[in-house]
Amino acid sequence: MTLIASRTCSVPECARPAFIGGMCRLHYRRLQTARKAAVAPGAWRLEGYDTFSGEEYELGSAHDGLKPSYPTYGEALADAHRRLEYLERTQPSRSSGGQASGGIQDRVYIVHPDGRKERVFPVTAPDGSRS
Ligand SMILES: [Zn+2]
């Protein structure tokens, strides 16, 4: 099965191929611009990592259901887990390897106010097994 190549942009009614973070080039650039303006100093935020292309990408738009920034760690963590659930639906562990070492499912990071990045793992087993 073609896991990555068959994806299209996650923005409704946009049929362009997904470039990074599940969005096409145009919508991804728009998100980057909008988010830079919306991130408050001292806020927590989320970042994605495309394991396939080796690139970090912005999260936090109406289309991914996440916010440009969060006032607390707990809110950022809750949405990081939501994002991992979304990735499990769109890039299932059985074909992507999930979040396990060697898996190619996209990764999710919390970016702390000091700029430090913390990788977030699913609540379920990291080998992708789910009860
Ligand atoms: Zn698009």
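Two residues are in contact if their C-beta atoms, placed from the backbone, lie within 7 Å. This is a predicted model, in which local features need pLDDT of at least 70, side-chain atom pairs count only at pLDDT 80 or more, and totals for chains, interfaces and linings use all residues. Residues are numbered from 1 along each chain as its sequence is written.

**View 1. Histidine 112 in the loop between β3 and β4.** Helices (H or I, at least four residues) and strands (E, at least two) are DSSP runs, numbered from the N terminus. Beyond its neighbours within four places in sequence, histidine 112 is in contact with Trp44 and Glu118. The C-alpha atoms of histidine 112 and arginine 45 are separated by 7.0 Å, although the two residues are 67 apart along the chain. A residue is buried if 20 or more other C-beta atoms lie within 10 Å of its own, exposed if 12 or fewer, and partly exposed in between, with C-beta atoms placed from the backbone. Histidine 112 counts as partly exposed because it has 14 C-beta neighbours inside 10 Å.

**View 2. The open sheet of 4 strands, in the order β2-β1-β3-β4.** The pairing in this sheet is antiparallel. β2 (55-58) and β4 are the edge strands, each pairing on one side only. From one strand to the next, the twist averages 35°. Axes are lines fitted to C-alpha atoms, for helices over the stretch in contact, and angles run from 0 to 180 degrees between N-to-C directions. Two strands pair if DSSP finds at least two bridges between them. β1 and β2 are joined antiparallel by 4 bridges, and tyrosine 49 stands opposite glutamate 56 in β2. Strand β1 (residues 45-50) also pairs with strand β3 (residues 107-111), antiparallel over 5 bridges. Here glutamate 47 stands opposite tyrosine 109 in β3.

**View 3. The hairpin of β3 and β4.** Strand β4 (residues 117-120) runs antiparallel to β3, and 4 bridges join them. The bridge partner of tyrosine 109 in β4 is arginine 119, while that of isoleucine 110 is glutamate 118. There are 5 residues between the two strands, and glycine 115 in the turn has a positive phi of about 95°.

**View 4. Helix α2 and the largest nonpolar core.** Helix α2 (residues 73-90) lies across β1, β3 and β4, and runs at about 170° to β3. A nonpolar core is a set of buried Ala, Val, Leu, Ile, Met, Phe, Trp, Tyr and Cys residues joined through C-beta atoms within 7 Å. The largest one has 10 residues, among them Trp44, Leu46, Leu66, Tyr70 and Val108. α2 gives the most to this core, with 4 residues. Leucine 66 is in contact with Leu46, Leu59, Gly60, Asp79 and Arg83, leaving aside its neighbours within four places in sequence. A second, separate core has 7 residues, including Cys9, Met23, Cys24 and Leu31.

**View 5. Glutamate 13 in the segment before α1 (25-38).** The phi of glutamate 13 is near 70°, a positive value in a residue other than glycine. Glutamate 13 is exposed, because 5 other C-beta atoms lie within 10 Å.
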